[in-house]
Amino acid sequence: MNMVSNKKRIKNLLSFFHSTGMNDFNEKVMKVLLFGCGVFSILITVGIIISLFSEAIAFFARPEVNLFTFFTGTTWRPLSSNIVPENFGVRPLIRGTLMIAIMSGAIAIPLGLGSAIYLSEYASDRVRNIIKPLLEILAGIPTVVYGYFALSFITPLLKTVLEENLGIDVNFFNALSASIVVGVMIIPMVASISEDAMRAVPRSLREGAYALGATKFEVSTKIVVPAALSGIIAAFILGISRAIGETMAVSIAAGSTPRMTMNPLDSVQTMTSFIVQVSFGDAPSGSINGQSIFAVGATLFAMTFIMNIISQTFIKRFREAYD
Amino acid sequence: MENKSVILAPIYKDNLRNRKIIGKIFNILLLISVLAGLFMLTVLLVDIAIEGVPWLRPELFTNYHSRKPENAGMKSAIVGSFIVISLTGIISFPVGVGAAIYLEEYARKNRFTDFINLNINNLAGVPSIVYGMLGLVVFGRMFGLFSKDSWLVQTFSLPVQSGMVNGLVFNLFGIPWLEIHLPFGRSMLAGALTMSLLILPVVIIASRESIRAVPPSIREAGYAMGTTKWYVTRTLVLPIALPGILTGMILALSRAIGETAPLIIMGAFTYVPFLPNSIWDQFTAMPIQIYNWITLPQEDYRIHLAAAGIIVLLLFLFILNGIAVYLRNKFQVKW
């Protein structure tokens, strides 16, 4: 008697749930849809690779271009009327890009790491809650604004300080001005990833050092920073990678002269600013210039991709060490 | 033994003093590095305010770009940015949240899931200009599939046009306002799709964090009632996670509103003297208008009008961020 009524109750309950639309069909459709969304991100990567490399291959298939001279040549004159392989050497663009990336790294890495140590080890919670969002604003300001700032403030400042007082020639478009704003732009990125890594270091490590009589400086530099090193390196690499891909500030402030220079006060052209220059010039899709931006874009993508993968493995290492 | 420690004590003390001095110097260096960033932020904002505030006039909102700086405005750019960003939100929200739900609620912990995770983190680091090139080929040109000499057009003898509107134009079900253009060309839709791909990794990462913050006990309570996974997700997890998801979404959009490079690569125009009628129209956006002004030789454009435009752009950014912070503080549930 009792058994039967229990079974009946369960049956009633089940049919109640089925009637509210929670049936297997719905469930399966949603699962497939959500899976599709999850896999979509892989499609984006595939799309990037296909679209960049298909056009880049079309570029290299042209008789006027040579894959070898592209990577070894030191002259980049794609817009000249004389279309010969010697005019398609990407090294000046890579040189300009790396010059700005290294100089902005020289600004962002010490300042970012210093900020990270301060926020993680020294600042009280109250101070941290005020300073951190303020620093994040730097990362949220559009890059075109940084370009404006470089051109309207930093460059005139450099001209006054270096040219008028010290007699050093400063080009109106120069790599240093662009590097300064790009460096400021990536401080928050370096700071926040380094800080995450430092905060993941267990307190027991710090307390052990304090118990041995270490000062705060010693704990920070000899315990916390080494323990968080893989995360800090990841932050540096990601910051540099971000500087390599930075576009607007660089095309506004650094100019558009592809040249093999070591002088930071010269005008240079980066890979990104070349792409912008051609896109503004409205190059037709099948033309050699329209295709050249994809060869440059593929080079840029490959560089940042490798750096991102390396930094991901570093980040994984510190997550695994202390989780 | 005792003697030794007596001898050592003063040395140790001296040493401690030195070590404390080094610590003080280090502390000051750290403060300088924090303040350097904040100092640059202040200088940047003050510089823009000084150059731009006198030029903040109603013409900025009511006029198009003009040959006279006093008359120039950015009406079409403001409208263009607004529509592109709205479309971007509409497109990226379902896909981004769907991916986040899949990864947090459904995906098993295996190599494939690890691969998706790695891929999303990588996409977040791809330069925005690369997304522009992706959008140009995939949405803007659609691999040239609809050009006159493509195999697709040849085999099916499709009625493609060339001229102002390039490619294939047809009305879905014959309804006029369901017009479809293939490829998407330099339209607002192409720009919004590109922006959606660009912010998708950010949306996914933020949504995942918000979904992960919902305690497992809530889900278990749902399962104990005999409900299914999707029902638990839809009625319990999502409503609780929604404020966090929206906050992340708005922050992602505020990044998109300042993005210039992808739209330039996509072929957004710098001079658009009309308002768009449909998502198939050409457009311009605020950062592009500002970039255009910066590159003009006259100081009124280059310095003053550009700064005024930047102030308008930053105001939009602050409003978006304000909404995000409000949502977070108002609806955030602490467990």
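Domain bounds, as used below, come from an automatic or database domain assignment. The model is predicted.

**Exercise 1.** State which domains are assigned to chain A, and describe the contact between them.

Solution. 
- Step 1. In chain A, the assignment places domain 1 at 2-61 and domain 2 at 72-322.
- Step 2. The centres of these two domains of chain A, taken over C-alpha atoms, lie 39 Å apart.
- Step 3. Two residues count as being in contact if their C-beta atoms, placed from the backbone, lie within 7 Å. By this criterion, 8 residues of domain 1 of chain A meet 7 residues of domain 2 of chain A.
- Step 4. On the domain 1 side of this contact in chain A, 7 residues are nonpolar, 1 is charged and none is polar.

**Exercise 2.** Carry out the corresponding analysis for chain B.

Solution. 
- Step 1. Domain 1 of chain B covers 2-53, while domain 2 of chain B is assigned as 58-141 + 183-331.
- Step 2. Between the centres of domain 1 and domain 2 of chain B, taken over C-alpha atoms, the separation is 40 Å.
- Step 3. To their contact, domain 1 of chain B contributes 4 residues and domain 2 of chain B contributes 6 residues.
- Step 4. The domain 1 side in chain B consists of 2 nonpolar residues, 1 polar and 1 charged.

**Exercise 3.** Determine whether chain B is spread out or compact relative to the globule rule.

Solution. 
- Step 1. Chain B contains 12 helices and 2 strands. Read from the N terminus, its elements follow the order α-α-α-α-α-α-β-β-α-α-α-α-α-α.
- Step 2. The radius of gyration of chain B is 27 Å, whereas the globule rule gives 20 Å for 335 residues; the former is well over the latter, so chain B is more spread out than a compact globule.
- Step 3. The C-alpha trace of chain B spans about 105 × 70 × 40 Å along its principal axes.

**Exercise 4.** Describe the side of chain A that touches chain B.

Solution. 
- Step 1. The contact between the chains involves 72 residues of chain A and 71 residues of chain B.
- Step 2. Helix 2 (residues 24-60) of chain A supplies the largest share of the chain A side, with 19 residues.
- Step 3. By residue class, the chain A side comprises 44 nonpolar, 23 polar and 5 charged residues.

**Exercise 5.** Identify the contacts of Val181(A) within chain A.

Solution. 
- Step 1. The largest nonpolar core has 189 residues, and Val181(A) is one of those that touch the most other members.
- Step 2. Once neighbours within four places in sequence are set aside, Val181(A) contacts Tyr146(A), Phe149(A), Ala150(A), Ile154(A), Ala249(A) and Ala253(A).

Definitions and conventions
Residues numbered from 1 in each chain as written. Chains lettered and ligands numbered in written order. Predicted model: local features only at pLDDT ≥ 70, side-chain atom pairs only at ≥ 80, totals over all residues. Helix = DSSP H or I, 4+ residues; strand = E, 2+ residues; numbered from the N terminus. Nonpolar A, V, L, I, M, F, W, Y, C, P; charged D, E, K, R; others polar. Core = buried A, V, L, I, M, F, W, Y, C linked by C-beta atoms within 7 Å. Buried ≥ 20, exposed ≤ 12 C-beta atoms within 10 Å, placed from the backbone. Rg over C-alpha atoms; globule rule 2.2 N^0.38 Å.
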